[in-house]
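Colleague: Please show me the structure before we talk about it.

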Amino acid sequence: MSHLIPIAIAVVAGLLMTRVFKKLKLNLPDVTAFLIAGLLIGPYGLGALGVSGLGFNSMADVEAVNVISQVALGFIAFSIGNEFRLNELKEFGKQASIIGVFQAVITTLLVDAVLIGVHFAMPNALSLPAAITLGAIASATAPAATLMVVRQYKAKGKLTSLLLPIVALDDAVGLVLFAVSFGVAQALQSGAMDVISILVNPMVEIIGSLILGSVMGLLLTLLERMFFSNSNRLSLTIAFVFMTISLSTMKFHVGPVHVGFSNLLVCMMLGTIFCNMCPRSPDIMDRSDKWTAPLYALFFVLSGAELELSVFSSIAVVGIGLMYILSRSAGKYFGAFASAAATKCEKNVVKYLGITLLPQAGVALGMSSTAMALGAADGKLIRNIILFSVLVYELFGPSLTRWALTKAGDITPKSEDKKTHARFKSQIPHIKLPFLRK
């Protein structure tokens, strides 16, 4: 019960910050407002005052409600999975697959090259295992911020149709790249190559996640047929997402092989199977989106509260972090540009797709936590560099995504404001007062 007040304050603070942005005429996405609200009520803002219930007084307080972030990510992945409809993938599936793999690999190779160069120039500042690990983490893209921007502005077009499948595929590709690179990094430290960790474990995680998500999707579709009320169907869908998130946390060993699951991949597959097998899925998803709106707001406020401003105190972290950000941004942009051009995408898609792939958050932070196994020094350096980059990408990435989608023609500027104004005006009764008559 002690966490309810900070949670309530987090949602209210996030919503009020969107109004502040509106009053200041800051044309920024709501995601950015939520993140800044999180910073203000987090341990580096109001939480630093030490007043219980006013905000999150420490990172431990934020981590205590981490289950909310896990649930939100599960629903975000479920929603992205609903974008994998077979009738649409026939048109964009091949292009999305090629671009998704190519841009991730190019980004990893470019960041590797830059940071390995930094290692040879300043070996005391950055070790070779840390440089290789950071290169793999660079491939990850944040699906949450991208999806929120798409939904807020009701983006629709060729770029959006390609973007969501690419962001979803990015998770699978990133898992493989990270597992291979991290295995190589550990081998450089120990002097022994572990084939199971490098190749077998990541493939087991990906295949296992797809199978688990498919099974849960089939069960959900079969059970939906037993209900005729949309409210009951929605309740069942929400329950299944919760259940799938819980099952995806299972970890065990089969001999030397580590069996684990990706929360994002499992929930994406759940959404993909559900949307292709259940004819009522569009209506259920519309209702689900309304139910999850406050959950997503809370997720981004908590993400803002988790951002550690202390990383700015280290010159090494800031310097290497800037190199990481610049090289990753170049890899994402030019990797997407080249692969989109090669697959004969439209001009605007080729030009702006890479910019929409810049946001980075939860998946990268999860990888950086795994990287702590490299040792205290390298692990902490990797963690701080990723925290620094996430702080930059999360604050500026959503705005860049919105700008790119607008320039590509997928977002019509202020169209939604006009619709809202017209709807509001039409609802005002036309009352003729005697003293206003001529």
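Questions and answers about this model follow.

Modeller: This is a predicted model, in which local features need pLDDT of at least 70, side-chain atom pairs count only at pLDDT 80 or more, and totals for chains, interfaces and linings use all residues. Residues are numbered from 1 along each chain as its sequence is written, and side-chain values use heavy atoms, with hydrogens and water left out.

Colleague: What pLDDT does the protein average?

Modeller: pLDDT is the predictor's confidence in each residue, from 0 to 100. A score of at least 70 is reached by 91% of the residues, and the protein averages a pLDDT of 82.

Colleague: Is helix α4 largely enclosed or largely open, that is, how many of its 16 residues are buried?

Modeller: Helices are DSSP runs of H or I with at least four residues, strands are runs of E with at least two, and both are numbered from the N terminus. Buried means under 20% relative accessible area, exposed means over 50%, and partly exposed is in between, with a 1.4 Å probe and protein chains only. Helix α4 is largely enclosed by the rest of the structure, because the number of buried residues among its 16 is 13.

Colleague: How many aromatic pairs does the structure hold?

Modeller: Rings of Phe, Tyr and Trp (its six-membered ring) pair if their centres lie within 6.5 Å; planes under 30 degrees apart count as stacked, over 60 as edge-to-face and the rest as tilted. Ring pairs link Phe 75, Phe 242 and Trp 291 into a cluster. The number of aromatic pairs in the structure is eight.

Colleague: What is the angle between the planes of Phe 178 and Phe 182?

Modeller: Phe 178 and Phe 182 both lie in helix α8, four residues apart, about one turn of the helix. Both are buried. Their rings are stacked at 5.4 Å centre to centre, and the angle between the planes is 5°.

Colleague: What kind of pair do Tyr 333 and Phe 334 form?

Modeller: Tyr 333 is partly exposed at 24% relative accessibility, whereas Phe 334 is exposed at 54%. Their ring centres are 5.3 Å apart and the planes are at 85°, so the pair is edge-to-face.

Colleague: Which ring does the charged end of Arg 402 sit over?

Modeller: A charge sits over a ring if NZ of Lys or CZ of Arg is within 6 Å of the ring centre and within 35 degrees of the ring normal. Arg 328 lies over the face of Tyr 393, at 4.6 Å from the ring centre. For Arg 402 the distance to the ring centre is 5.0 Å, and the ring is that of Tyr 153.

Colleague: Where is Lys 154 found?

Modeller: Lys 154 is not a glycine, yet has a positive phi of about 50°. Its relative accessible area is 53%, so Lys 154 is exposed. Lys 154 is found in the loop between α7 (143-152) and α8 (158-190).
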